[in-house]
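Open the model in your viewer and keep the selection tool at hand. This tour goes stop by stop, with something to select at each.

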Amino acid sequence: MPQPILAAGATPPARQAVELAGLRRRLASMLYEILLLLGVLALAFMVPLLILGAALNYTPPGGLLWLYVFLVLGGYFLWYWRTGGQTLAMQTWKLRIVDAKGEQISIRQGCIRYALAWPSVLLFGIGILWALLDKERQFLHDRLAGTRIVLLLNNAKD
């Protein structure tokens with residue numbers, strides 16, 4: 001990624017200090033995220049289905065509905081991860097998703113992380129429980145995607 005050109009005598013913006021986020025904070029953020037996702041699904045899922053049902057008397061098959069949920073939530077997460085590295089819940093808990101170098105994740109990493117998070121959570125939370133064994137307490141889907149969740153620290157000047 002190209003570095004911005006600074007005017008003569010200007011100082012570059014300070015990078016925000018970070019450290020790996022603790023497991024409890026990430027779990028709390030996940031719980032809050034679930035509440036926010038209910039609103040996302042209500043808007044993007046239930047409203048169109050009500051219109052389809054009322055106007056056309058049509059209900060899509062279950063598999064198509066699950067695919068739609070998967071795509072809507074994927075769009076939500078990828079949008080936020082790629083524009084600032086934080087979902088709304090992550091902003092509240094001062095968390096950010098980054099790659100191994102501490103930079104913005106790629107679209108590929110975001111897609112891999114999102115796809116792996118489903119079985120990580122739905123298979124009895126195996127990917128979450130993995131954090132108890134991981135030396136850096138990272139979730140399995142983060143480890144496999146090459147991402148990490150970091151805690152944003154306040155700058156010394158704040």
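A salt bridge here is a side-chain nitrogen of Lys or Arg within 4 Å of a carboxyl oxygen of Asp or Glu. The model you are looking at is predicted. By that rule, it holds four salt bridges.

**Stop 1: Glu136 and its partners**

Select Glu136 and Arg148. Their side chains meet in a salt bridge, at 2.6 Å from N to O. This pair links distant parts of the chain. Glu136 sits in the loop between α5 (126–129) and α6, while Arg148 belongs to strand β3 (residues 147–152). Twelve residues separate them.

Is Glu136 buried or partly exposed? Its relative accessibility is 27%, so it counts as partly exposed. Arg143 is partly exposed as well, with a relative accessible area of 34%.

Salt bridges that share partners join Asp134, Glu136, Arg143 and Arg148 into one network.

**Stop 2: Asp142 and Arg113**

Next, select Asp142 and Arg113. Their salt bridge brings the closest N and O atoms to 2.4 Å. Which parts does this pair tie together? Asp142 lies in helix α6 (residues 140–145) and Arg113 in helix α4 (residues 107–122), so the bridge ties together parts that are 29 residues apart in sequence. Both Asp142 and Arg113 are buried.

**Stop 3: a charge over a ring**

Select Arg26 and Phe139. The charged end of Arg26 sits over the ring of Phe139. The distance to the ring centre is 4.5 Å.

**Stop 4: a nonpolar patch**

Switch to a surface view. Select Leu56, Tyr58, Leu64, Leu67 and Leu71. Together they make a nonpolar surface patch of about 510 Å². Which helix gives the most to the nonpolar patch? Helix α2 (residues 62–82) does, with three residues. Leu64 is in helix α2. At 44% relative accessibility, Leu64 counts as partly exposed.

**Stop 5: aromatic pairs**

How many aromatic pairs does a search of the whole structure find? The search finds eight.

Begin with Phe45 and Tyr68. This aromatic pair is stacked, with 6.0 Å from centre to centre and 25° between the planes. Phe45 lies in helix α1 (residues 23–56) and Tyr68 in helix α2, so look for two distant parts of the chain, 23 residues apart. Phe45 is at 17% relative accessibility and counts as buried. Tyr68 is partly exposed, with a relative accessible area of 33%.

Move on to Phe77 and Tyr114. Here the aromatic pair is tilted: the centres are 6.0 Å apart and the planes make an angle of 35°. Phe77 is in helix α2 and Tyr114 in helix α4. That is another link between distant parts of the chain, 37 residues apart. Phe77 counts as buried, at 13% relative accessibility. Tyr114 counts as buried too, at 7%.

**Last stop: the ring cluster**

Notes:
Residues are numbered from 1 along each chain as its sequence is written. This is a predicted model: local features need pLDDT of at least 70, side-chain atom pairs count only at pLDDT 80 or more; totals for chains, interfaces and linings use all residues. Side-chain values use heavy atoms; hydrogens and water are left out. Helices (H or I, at least four residues) and strands (E, at least two) are DSSP runs, numbered from the N terminus. Buried means under 20% relative accessible area, exposed over 50%, partly exposed in between (1.4 Å probe, protein chains only). Patches are made of residues with over 30% relative accessible area and no salt bridge: like charges are joined within 9 Å, nonpolar side chains (Val, Leu, Ile, Met, Phe, Trp, Tyr) within 5 Å. Accessible areas come from the Shrake-Rupley method with a 1.4 Å probe; for residues, only the protein chains shown count as cover. Rings of Phe, Tyr and Trp (its six-membered ring) pair if their centres lie within 6.5 Å; planes under 30 degrees apart count as stacked, over 60 as edge-to-face and the rest as tilted. A charge sits over a ring if NZ of Lys or CZ of Arg is within 6 Å of the ring centre and within 35 degrees of the ring normal.
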